Amino acid sequence: MTRPLRFLAIALCGWLLPWLAHAQVQASLDRSTAQLGDTVTLNLHSRTAPLATPDLSPLAGDFQVLGQSSGSTSSFVNGQRSVEYSYGVALRPLHQGTLHIPPLTVGSETTQPLTLQVTAPSAASQAATGPVFVEATVDPTRAYVGQQLSLSVKLYYTANLANASLGDPRIDGVDVSRIGGDTDYQAERNGRTYNVIERRYVLVPQRPGELTIPPIPFQGDLLDPSDPDSFLGMGAPVSAQSRPLTVTIRPAPADWGSAAWLPARKLSLTLDGLPDAATPLRVGQPFNLTLTMEATGLPFEALPALSLPALDGATAYPDKPVTGNREDGPWVVGRRQQAFAIVPGKAGTLTVPAIAVKWWDVLTDRAETATIPAHRFTVLSAAGTPAPAVTPPAAAGSSVPAAASSTGAAAEGHRAPSRGLPWSWIALGSLGLWLVTVPVGIVWWRRRRSAAMAPSPPAAAVAPSAREARQAFLRAAREADAAEQAQRLLAWAQAERPGLRHLDAVAAALASPEQIAAIDALQRARYASSAPAPDREALARAFAQGFAWRRDAATSTGPDPLPPLYPFTLC
């Protein structure tokens, strides 16, 4: 790096470091939907510095600010202490609809915008008047088989509770799981303030028809502060339950076909790792591609296994898939990721065909297709391919004779009569001859000196005999790892067929399905980390009787333009 560039880099680091070290404030709501009269909490977080009091004036039109609090939590991870600073704001929506929380100013920071969906209070909660009641809602009320339903169960109470137990839904023909933790807040119903505990569930129906969600029960003891027995945890028994709910479950469309049924709110398909134009691809040099599918409203268990279309001129070796679920408010987001090692097998154009996944958009109630377009790449011959020999120009080897010939011609042209040559003419002729021959001698001397100083070409490695290579492979098959097994197998094949430069070419020249399968398993063990190691005995047994070459396999011993797939030095 030159001195000006070094100073510029130091200056940029000095300018960026304070900015990077500055507090980064993240904003979130404790939930994305609420009923009119509920209390929601706006949470601000920072991991670098205590939070200043936020400017809440932009919220005045849509929310009532009920209270504010701040705090911090410390944790130790791998022996290092970290602190998270928080600031909470209790808000009550003032009207129904989609309410927007604009970016808020917190010191010198600005938070990201948020949205909250506010609905009218349910009929059940409006009618409730007791100290404890349970409310359940489901979204949507009309769905498809395999589509996620979001079930919300809320426990409302006005006094302290003891020995409280809120039941979980049990529904035949439905997969039920909880999502997120319990959320605590306050809500106003019929002029009365309640404490609320909200619990969310993911429901996935497995068959069509009318689905009934039975009542969710609650049991506990209601403590009365004026009763002395309440201090001993002895309160009045209380129970409540939600109303049953009904959902219509439809089957997949009759004309859907044989494709996997994927009813989702959103689905994306991406392919990462595609080489750019500045990165040349070469035969035998692997590159990695990662295919990712993510769907909102479907767990990863419902997503199909990912694979690449067949590649003409390359082999794809899949790695172990990576799967998982995350939460997006009340919805589960499933993710499936599959990595591949792609090994080009021949020079030319490599095409990764288009990839399409059909899915059903439950928001628009119609079929959609997630598509990755086809990509084409130019594959070059492998690096290190021997260049063709270049014949030296004829003039280079005849410079001295040419000079001598022209000198002779000059001498011929200046030949004087044989009698009585003066000394002056003899001197001039000698001088001319010297002027011509000295440069020629210098050129000759320089070439001799360069040839003497040039390093001698390395001696070619002596290739093992077919018998020695076969014995080395059989030992490696029973004792060594996949890398050495591949090296020894290729060395043995090259001892019999010198034109074969990598194992893919060896497999293409074989007639035995057992040997071809053994090479494929060996290649997968080399390139796919999730692939098991080859069966040692099966590998040795497949080649115990030697190679089963195809009758039309090339037997040429001439040079092959492709270098070995495995860059090992063969012994």
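Modeller: The strands that each supply at least two residues of the lining of the second largest pocket are S2 (33-35), S9 (114-119), S10 (132-139), S12 (149-157) and S16 (192-205). Strands here are DSSP runs of E of at least two residues, numbered from the N terminus. The model is a predicted one, in which local features need pLDDT of at least 70 and side-chain atom pairs count only at pLDDT 80 or more, while totals for chains, interfaces and linings use all residues. Residues are numbered from 1 along each chain as its sequence is written, and side-chain values use heavy atoms, with hydrogens and water left out.

Of the strands, S10 gives the most to this lining, with four residues. The lining of the second largest pocket comprises 19 residues, and those nearest the centre of the pocket are Thr33, Thr119, Thr137, Asp139 and Ser152. By class, five lining residues are nonpolar, eight polar and six charged (Ala, Val, Leu, Ile, Met, Phe, Trp, Tyr, Cys and Pro count as nonpolar, Asp, Glu, Lys and Arg as charged, and the others, Gly among them, as polar). The volume of the second largest pocket is about 380 Å³.

A pocket is an open set of points on a 1 Å grid over the protein atoms alone, with protein on both sides within 12 Å along at least five of seven lines; a cavity is a set where a 1.4 Å probe fits but cannot get out, and lining residues have an atom within 4 Å of a point.

Elsewhere in the model, three strands form an open sheet of mixed pairing, in the order S23-S31-S28. Strands S23 (281-282) and S28 (348-352) stand at the edges with a single partner strand each, so one side of each is left without a neighbour in the sheet. Two strands pair if DSSP finds at least two bridges between them. S23 pairs with strand S31 (residues 375-380) in the parallel sense, over two bridges. In this pairing, arginine 282 stands opposite leucine 380 of S31.

Definitions and conventions. Points joined across faces, edges and corners; volume = space filled by probe spheres on them.
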